[in-house]
Amino acid sequence: MLERKPGSEFPGLVDRFVTYAKVHTTSSENSDTYPSTARQFDLAHILVDELKAIGLADAAVDEHCYVTASLPASKGCEKVPVIAFISHMDTYPEVSGENVVPTFHENYRGGDIELPKNGRRILAAENAYLQECIGETIITADGTTLLGADDKAGIAEIMEALTRIRENPDWVHGPLKVVFTPDEEVGAGVKHFDVAKFGAKVAYTMDGGRRGEIEDETFCADSAIVTFVGRDIHPGYAKDKMIPSVKVAGAFLASLPREGAPETTEGKQGYIHPISIKGNTSETEVTLLIRDFDLDGLKPKAEKIREHAVKACDQWPGATFRLEVKEYYRNMKYDLQKEPRAMDYALEAVKRAGLKPVRGSIRGGTDGSTLSARGLPTPNVFTGEQDFHGYGEWICVKDMELATETILRIIEVWTEKER
Ligand SMILES: [Zn+2]
């Protein structure tokens with residue numbers, strides 16, 4: 001077992017993070033290639049070299065830009081199931097990730113944090129969690145880019161944990177694997193990832209926020225397409241004949257209540273969200289997102305959409321509609337329930353790292369939910385990343401250390417319970 005006290009030092013952690021943050025790995029929504037941007041290979045190659053230097057001899061990057069490596073079990077621990085740690089290399093496409101300058105704010109005293117450029121500030125009033133970081137070192141960007149702690153903090157923490165294990169041959173552990181993926185921010189992080197070939201029993205994405213939190217829930221997601229059918233005719237001769245489907249769709253949208261929408265919900269509440277409308281006089285198509293943490297919560301929302309569509313058509317006699325509901329993804333809790341050790345051991349590991357474990361839920365889907373659905377249970381573990389996808393992204397160094405400690409403890413718990 002790991003003969004260590006929580007809170008040990010991780011000397012290479014911050015340097016690794018700074019190195020990765022400086023590599024431009026922005027992904028793109030408008031690309032026909034995979035990965036969506038070739039520059040993600042720049043970081044992939046650095047990581048392969050580093051993994052080999054640490055001693056993970058089989059480290060490699062494939063044509064899809066997946067970096068994989070494994071660390072065989074210590075003697076006597078071969079029976080322990082293979083567990084894997086996953087982080088993504090790309091950063092969010094809507095905010096620049098080029099020429100990132102990680103900026104250190106040591107001994108944070110509270111209050112707003114001023115970024116060196118563009119007059120940007122991180123407001124304490126909008127970041128309650130800053131209160132938890134008083135006296136600590138905070139890293140931000142310089143005001144011209146995002147920071148990319150999402151998810152380069154996760155990569156640095158995994159690399160640092162592996163380094164500590166390799167430097168201490170007395171620490172016994174089961175078989176371990178790592179994966180660094182491209183294109184997570186454009187929803188394609190595991191598109192070409194072969195779960196069966198990879199061969200892990202459980203995985204952990206290192207891509208969560210506040211210290212101690214492990215997320216095992218995502219939304220259940222469907223989309224609904226409502227097509228309103230009207231009747232087109234030359235507008236000069238349309239009296240008592242034309243049925244303008246655009247107006248029927250307009251009435252439908254106007255009738256949707258403000259409550260139960262993304263702009264009025266939070267926490268465990270679901271929503272209905274119209275995202276696009278296109279059409280003409282004969283046919284107008286409205287696309288809506290349906291989200292709920294409970295599978296049973298989806299159907300009533302689809303029914304509500306139907307009711308509003310019926311009412312809109314009632315206002316234009318002759319108008320009709322078609323409703324099509326498509327399944328998108330499901331709350332990963334249903335898949336994680338089949339392998340309770342994935343969460344149980346991670347929560348135990350957080351405790352051993354000296355933290356209070358918090359179960360969290362994600363108001364979205366993740367690569368972890370896709371992997372869980374494909375048979376690889378994958379909860380999401382905190383990394384410390386805060387306010388990601390913006391110029392005000394920040395991370396507290398203490399949280400990065402605690403996340404690294406948590407990785408080591410997850411490995412420890414699996415080894416102890418399963419060897
Ligand atoms: Zn992320």
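**Close-up views of a predicted model**

View 1. Counting along β2 (residues 67-71), five of its five residues are buried, so the strand is mostly covered.

**View 2. What sits on either side of β2.** On one side there's β1, running antiparallel to β2 and joined to it by two bridges. A60 has T68 as its bridge partner in β2. The two strands make a hairpin with five residues between them, and C65 in the turn has a positive phi of about 80°. Strand β8 (residues 176-181) also pairs with β2, again in the antiparallel sense, this time over five bridges. Look for L71 opposite L176 in β8.

**View 3. The eight-stranded sheet.** Zoom out from β2 and you get an open sheet with mixed pairing, ordered β1-β2-β8-β3-β9-β16-β10-β15. Its edge strands, β1 (60-61) and β15 (358-362), each pair on one side only. Further in, strands β9 (residues 202-208) and β16 (residues 380-382) run parallel and share three bridges. M206 stands opposite V381 in β16. Helix α8 lies across β9, β10 (213-218) and β16, and runs at about 155° to β10.

**View 4. Helix α8 against helix α10.** Helix α8 (residues 341-352) packs on α10 at an angle of about 125°, and the axes are 8 Å apart. Angles from 65 to 115 degrees would count as roughly perpendicular and those over 145 as roughly antiparallel, so α8 and α10 are oblique to each other. Their crossing is right-handed. On the α8 side the contact involves Y345, A346, E348, A349, V350 and R352, which meet T406, R409, I410, V413, W414 and K417 in α10.

**View 5. The three-stranded sheet.** Here the strands form an open sheet in the order β4-β7-β17, with antiparallel pairing. β4 (103-105) and β17 (394-396) stand at the edges with a single partner strand each, so one side of each has no neighbour in the sheet. On average, neighbouring strands are turned by 25° against each other, direction ignored. Strand β7 (residues 138-140) pairs with β17 over three bridges in the antiparallel sense, and I139 has I395 as its bridge partner in β17. Packed on this sheet is α10, which touches β7 and β17 and has a direction about 65° from that of β17.

**View 6. The nonpolar cores.** The largest nonpolar core has 83 residues, and those with the most contacts inside it are L147, I158, A203, A346 and I410. Helix α10 (residues 397-418) gives the most to this core, with ten residues. A second, separate core of 22 residues includes F219, F228, A309 and C313.

**View 7. Helices α2 and α3 side by side.** The axes of helix α2 (residues 40-54) and helix α3 (residues 149-167) come within 10 Å and cross at roughly 20°. That makes α2 roughly parallel to α3, and the crossing is left-handed. L47, E50 and I54 of α2 make the contact with I155, M159, L162, T163 and R166 of α3.

Conventions:
Residues are numbered from 1 along each chain as its sequence is written. This is a predicted model: local features need pLDDT of at least 70, side-chain atom pairs count only at pLDDT 80 or more; totals for chains, interfaces and linings use all residues. A nonpolar core is a set of buried Ala, Val, Leu, Ile, Met, Phe, Trp, Tyr and Cys residues joined through C-beta atoms within 7 Å. A residue is buried if 20 or more other C-beta atoms lie within 10 Å of its own, exposed if 12 or fewer, and partly exposed in between; C-beta atoms are placed from the backbone. Helices (H or I, at least four residues) and strands (E, at least two) are DSSP runs, numbered from the N terminus. Two strands pair if DSSP finds at least two bridges between them. Axes are lines fitted to C-alpha atoms, for helices over the stretch in contact, and angles run from 0 to 180 degrees between N-to-C directions. Two residues are in contact if their C-beta atoms, placed from the backbone, lie within 7 Å. Angles under 35 degrees count as roughly parallel, over 145 as roughly antiparallel, 65 to 115 as roughly perpendicular and the rest as oblique. A crossing is left-handed if the near helix is turned anticlockwise from the far one by less than a right angle, and right-handed if clockwise.
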